[in-house]
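Hello,

Here is the structure I promised to pass on. Please have a look at it first, and then read my notes below.

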Amino acid sequence: MASVTGDDILLSATGLTKTFGDFRAVDGIDFAVRKGEAFGFLGPNGAGKSSTMRMVGCVSPVSGGELRLFGLDPATDGPAIRARLGVVPQRDTLDEELTVEENLWIYGRYFGLSRREVRSRAAELLDFAQLTDRAGDRVEPLSGGMKRRLTIARSLINSPEILLLDEPTTGLDPQARHVLWDRLFRLKRSGVTLVLTTHYMDEAEQLCDRLVVMDHGKIVAEGSPRQLIEEYSTREVLELRFDAEDHKDFAEQVTGIGKRVEVLPDRLLVYTDDGDEAAAVVHSRGIAPLSSLVRRATLEDVFLHLTGRTLVD
Amino acid sequence: MSATTVPTLSGDRAHHGVRQPLSTSERWGAVFEYLLVVYKRTWRGSIIGRFLSPLFFLLSMGVGLGSLVDDRAGGVDGVPYLQFVVPAIVATQAMWVAMGESTYQVLGYIKWNMGYHAMLATPLGVRDILIGHLLSIVGHLTVATAIFMGVAALFGGFSSWWALLSLPVAVLTGMAFTVPLFAFTARQEGDNGFNILFRWVMTPLMLFSGTFFPITQLPVWMQPVAWATPLWHGVESSRMVATGDVRWGWLALHLLVLVAFVVVGWLLAVRSFSRRLVT
């Protein structure tokens, strides 16, 4: 694994562990995040991403190992660390009975900002979150995407140095996701360090400079999206679908084509550096799939290779 | 219209770097302020309820039953029934307000809208949340009690200005329920426990804690049950100060019991809140 050193490390973990009774949700992970970086935890539900995020957010005590934010220990300096963090939880924790701007004002007061500061800051953030014309409306009837943007605006009220986002776009429609990604991109460009979890490949590829792949509480790979694909996958993937109950039956017929073949319930994945050429070989063997598709390899392929499972079941 | 850069602000706490820590009162004050904003949105509904239900008790028990008791028995120990029962209803109402404020809303902030979780992601801690929320309930109790006492005074429910002391006594009685109830609520998964509490704890307490008749009228074996509950101590204290029939030793003892419920409740509440919210 690539090691990260230097003075600009804002967040580091060594042997970080979280247990609930006998269950090890996070099982001795190491990682470090540099200032200005967008760092991701990729993994399926139950991989330990949220438990990790809650420890990093200093709301969940560390069970073992060492965790440092800004060089401080969450066990002793929790409030001082949280004063410098922004948190976007997996589930919105807005007060839906109050208005959009009241939610921002209230939250700013939790950080000890004066009423005047909170008001001017809220106005700027509503503009950033494209919610200015809904400022005086109650939160409850807003769309999921708007609530999410409000949660992000709220998390920025204290100008955080690290923004923690736990599955920021889960449950949103594609358009809302793109709006959100755009906002997160702007944040990153302005120098905010992003730490996020996701089980979406495209999200990880879009947003993360560097990421770790988690499974069963452990880190199974680390690197930039491109590095991970180069290391654990091929450049292209040929997807073959057959008219069959079980695609295993067809796996033998394509052996020798490409570098590796993965069998999924509904398709075969042929890993190769040249998808078109592989498709031509399939054709020349007289194999007739229902459909064949050549695509670029993604992080999904990396995950499949590392764990033998797809990410979103 | 959208900004291309993220705005930054001057001022210690709105700026990057090490922030100036919040004082204790700033921390619980922020929680209190939030609940005040919530109250601004909901006070109309709660004020009508708080006004009407004790008023019904006042009319039926105090005026209706009272005229019968006064005619037949000349009041209770020489005190007109209305003036006997009103200070007790003041304390009993505080119990009901405490119940209303310490159950569904608290569980909501834990479980449904997760307002406490939002707070804990900031510099605030469990104790700040508890103090801020408990003080807001002191406010609710004060308002509810003051309104009811005002109405009861118009009906002739009090005989002297000493009755004003029933207000702090009622607030203390309410807190003797509220604080342990916070600990109870933080252990609940759903509202089943609340239904049991309302039906099998609060209602019997109201009926058998000396609110409507002295507990000496109860069978001897039932009297110690009343001693163990905060309501009887609240009722007795409120009645003593309102009627002016103060036995100081007893009053001190009653108030001490109420304070003990608050203190023990606080320890339990800190523990169950921490266990529930900081996992």
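This is a predicted model: local features need pLDDT of at least 70, side-chain atom pairs count only at pLDDT 80 or more; totals for chains, interfaces and linings use all residues.

Residues are numbered from 1 along each chain as its sequence is written, with chains lettered from A and ligands numbered from 1 in the order in which they are written.

Chain A has 11 helices and 13 strands (DSSP runs, H or I of at least four residues for helices and E of at least two for strands, numbered from the N terminus). Its C-alpha atoms fill a box of roughly 75 × 45 × 35 Å along the principal axes. Of its 313 residues, 49% are buried, meaning that 20 or more other C-beta atoms, placed from the backbone, lie within 10 Å of a residue's own.

Where the chains meet, 38 residues of chain A are in contact with 37 residues of chain B (C-beta atoms, placed from the backbone, within 7 Å). On the chain A side, α2 (74-82), α3 (100-110), α4 (115-128) and α6 (174-189) each give two or more residues. The largest share, 5 residues, comes from α4(A).

In chain B, helix α2 (residues 81-102) has 22 residues and reaches 32 Å from its first C-alpha to its last. Because 19 of those 22 residues are buried, α2(B) is largely enclosed by the rest of the structure.

Best wishes

Methods
The expected span of a helix is 1.5 Å times one less than its number of residues. A residue is buried if 20 or more other C-beta atoms lie within 10 Å of its own, exposed if 12 or fewer, and partly exposed in between; C-beta atoms are placed from the backbone. Two residues are in contact if their C-beta atoms, placed from the backbone, lie within 7 Å.
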